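Below is a short briefing on one protein model. Overall form comes before the annotated region.

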Amino acid sequence: MNDIDAWVWWLIGAAALGIPLVITAMPELGMLAVGAVAAAGVAGLGGGVVAQVLVFVAVSVALIFAVRPLAARHRAQRPQLVSGVDALKGKQAVVLERVDSSGGRIKLAGEVWSARALDSGQAYEVGQEVDVVEIEGATAIVM
């Protein structure tokens, strides 16, 4: 064991921390592994044991305090996946049969839908593009 340099031991430690990181997906282990790689760099440059340990601790703690809040904020801002009729709101459609306040037909997302104009005084002619405002049952409300 005395034949192996200290930097090799630090790299072995980094790999030993990296394996559970992959298995458990705990990012803290990755930050500790980066700290071990930094300590290996200090050992490779001839730094003493105290300097190696201090660099390991400083880099690991700095990464944990810097990255964890960013990761938590990113995790909290996940985009919501909209599906079903909610995904159709705001889409454009093409009028297939005249659409007014009493009804009509549109082609929306490749499907034929019954539609009704949002404004009771407004009418849309065949071929015109309209925006879907709301879906009520099987009827698209358009403008």
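How much accessible surface does the protein have, and what share of it belongs to carbon and sulfur atoms? The accessible surface is about 9300 Å², with 63% belonging to carbon and sulfur atoms (Shrake-Rupley method, 1.4 Å probe). This is a predicted model, in which local features need pLDDT of at least 70 and side-chain atom pairs count only at pLDDT 80 or more, while totals for chains, interfaces and linings use all residues. Residues are numbered from 1 along each chain as its sequence is written, and side-chain values use heavy atoms, leaving out hydrogens and water.

**Fold and shape**
- The protein contains three helices and five strands, as DSSP runs (helices H or I, at least four residues; strands E, at least two).
- Their order along the sequence is α-α-α-β-β-β-β-β.
- The radius of gyration (over C-alpha atoms) is 31 Å, well over the 15 Å from the globule rule for 143 residues, so the protein is more spread out than a compact globule; that rule is 2.2 Å times the number of residues to the power 0.38.
- Along the principal axes, the C-alpha atoms fill a box of roughly 90 × 25 × 25 Å.

**Burial and contacts**
- Of the 143 residues, 24% are buried (under 20% relative accessible area, 1.4 Å probe, protein chains only).
- Of the contacts (heavy atoms within 4.5 Å) between residues at least 6 apart in sequence, 49% join residues at least 24 apart.

**Annotated region**
- An unreviewed UniProt entry lists residues 85-142 as "domain: NfeD-like C-terminal"; such annotations may be inferred rather than shown by experiment.
- Residues 85-142 are 0% helix and 59% strand, with end C-alpha atoms 14 Å apart.

Methods. Buried means under 20% relative accessible area, exposed over 50%, partly exposed in between (1.4 Å probe, protein chains only).
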